[in-house]
Amino acid sequence: MKNRFLLLILSAFLIVGCDSGKEEITISADVYHQSMDKLSEVIVHDIFSPPVASRIYAYPSIAMYEILAKNDAAYKPLAGQLTDFAAIPDPDENVSFELAAIQAFLTIGKTLIFSEDKINEYKEELYKELGNGVKKSYFNASVNYGNQVADHILAWADGDMYKQTRTFPKFTVNDDPTRWQPTPPGYMEAIEPHWTKIRPFAIDSSTQFVPVRPTEFDLAKGSPFYKELMEVYNVGNNLTKEQKEIASFWDCNPYVVNQTGHVMAATKKITPGGHWIGIIKIACKAHDANPMRSAEAYALTSIALADAFISCWDEKFRSNLIRPETLINKHIDEDWLPLLQTPPFPEYTSGHSVISNAAAIALTSLFGDSFAFDDDTEVKYGLGVRSFSSFIDASEEAAISRLYGGIHYMPAIANGVTQGKALGRYVIDKLELRNQSVAQNEE
């Protein structure tokens, strides 16, 4: 009996000892930025298209924001503000909201990409560091809560029509001379022709920001359309060193194909949305933004980016306008090549113009209209650093880069800028992330 009693005491001691530690986890904003960097790295590795990448950024960012906002009275939840999005569950016990936010972010991100092992390896190393000296039951409760929220948001994501569009028919190419055709060197099929069916986050529908019609197709010399075509040709033939640098800096084409003889190899690059995700990090670090404010920036901007892709792709496959390269090679100069490789989808409107300006409007609403920054997002992809006086300055350079690259007519750029800015303003006007009554009381 005495030995049994001692055994029970020893067992209780071991249980308490194994769960000793603090119920407090301090997570800096750098951890959130590093986790986003890892997600971008995997998106590039897995070669997701720009529209799909925007979806992959949005859902984890929303999860991160919702969990942190639940523990911060100065912020309002996005539940009830985004389409079909219900409130996330409350935790059943004491948890670290900051750890739960990381768990939800990584869990959702891992679910939406292919190379799950890369996320798992990153998380394993990260959690070794975060769990040091922390009470095990508290750490596990926080992780479990993150999983609860991840399940909630993934169930919401399942209703956005993404899975259904995987089975929809491919884009049909025909002999219509105005209609988009695959372009060299890969002659890839059109990317995401049914993206207009994806459920938007904040905008009412994919057709809410339909731009003005593209210039009427007319190859008669002297016609407005012919002049636009010749502008692409002439600008491409007389590029300055600066213009070439601008075009290359904003290329962001994950589908670049390098051909040597009969051998083709792909060069992996960050997507246009991924470039702006990188700019969010630059802005947050410059403003010493804490985890909550960083999560706000990622959530608001990723929502603007995702809805901008839905709006832009809706127009691309409505107008189905042929690319300059196709017409120049057929009617003007069969040997002409654009500086950049033409992406595999219709021309109008310019995706860079739409999404960059939507993102710039979102970031301006958070960090002001005079935030000057050095953009080093592309350094890891072999490019240099470019400096901008504001987010709008950067977005307008991103837009005009498509003319320098030889892949867009000017109306696609100019009207795309208008489309993106209008959409961005709508998103920031509709979504209330700050609790103004709390902010006023704090002042």
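Reader: What does the accessible surface of the chain come to?

Author: It comes to about 19,300 Å². Carbon and sulfur atoms hold 51% of that area. The areas come from the Shrake-Rupley method with a 1.4 Å probe, and for residues only the protein chains shown count as cover. This is a predicted model: local features need pLDDT of at least 70, side-chain atom pairs count only at pLDDT 80 or more, and totals for chains, interfaces and linings use all residues. Residues are numbered from 1 along each chain as its sequence is written, and side-chain values use heavy atoms, without hydrogens and water.

Reader: How many residues of the chain count as buried?

Author: Buried means under 20% relative accessible area, exposed means over 50%, and partly exposed lies in between (1.4 Å probe, protein chains only). Here 55% of the 443 residues count as buried.

Reader: Why does the radius of gyration of the chain agree with a compact globule?

Author: The radius is taken over C-alpha atoms, and the globule rule is 2.2 Å times the number of residues to the power 0.38. For 443 residues a compact globule would be near 22 Å, and the chain has 24 Å, so the two agree. Now look along the principal axes. The C-alpha trace spans about 105 × 55 × 40 Å.

Reader: How many helices and strands are there in the chain?

Author: There are 16 helices and four strands. Helices (H or I, at least four residues) and strands (E, at least two) are DSSP runs, numbered from the N terminus.

Reader: Which residues is Lys285 in contact with, leaving aside its neighbours within four places in sequence?

Author: Contact means heavy atoms within 4.5 Å. Lys285 is in contact with Asp30 and His33, leaving aside those neighbours. Find Lys285 in helix 10, residues 272-286. Lys285 is partly exposed, at 44% relative accessible area. Its side chain makes a polar contact with the side chain of Asp30, at 2.8 Å. Such a contact is a pair of N or O atoms within 3.5 Å; within protein, one must be able to donate a hydrogen and the other to accept it, and residues adjacent in sequence count only if both atoms are side-chain atoms.

Reader: What does the side chain of His194 reach?

Author: It reaches the backbone oxygen of Pro169 at 2.5 Å. His194 lies in the loop between helix 7 (162-165) and helix 8 (224-237). With a relative accessible area of 19%, His194 is buried. Thr165, Phe168 and Pro169 touch His194, not counting residues up to four places away in sequence.

Reader: Is Pro324 buried or exposed?

Author: Pro324 is buried, because its relative accessible area is 0%. Pro324 lies in helix 12, residues 324-332. Not counting residues up to four places away in sequence, Pro324 touches several residues, including Leu229, Val232 and Tyr409.

Reader: Which residues does a cis peptide bond join, with omega about 0°?

Author: That bond joins Pro184 and Pro185. Pro185 sits in the loop between helix 7 and helix 8. Another cis peptide bond joins Tyr348 and Thr349, with omega about -5°. Thr349 is in the loop between helix 12 and helix 13 (351-367).

Reader: What is phi of Asp84?

Author: It is near 65°, a positive value in a residue other than glycine. Asp84 lies in the loop between helix 3 (50-70) and helix 4 (97-112). At 61% relative accessibility, Asp84 is exposed. Met161 is not a glycine either, and has a positive phi of about 80°. Met161 is partly exposed, at 28%.
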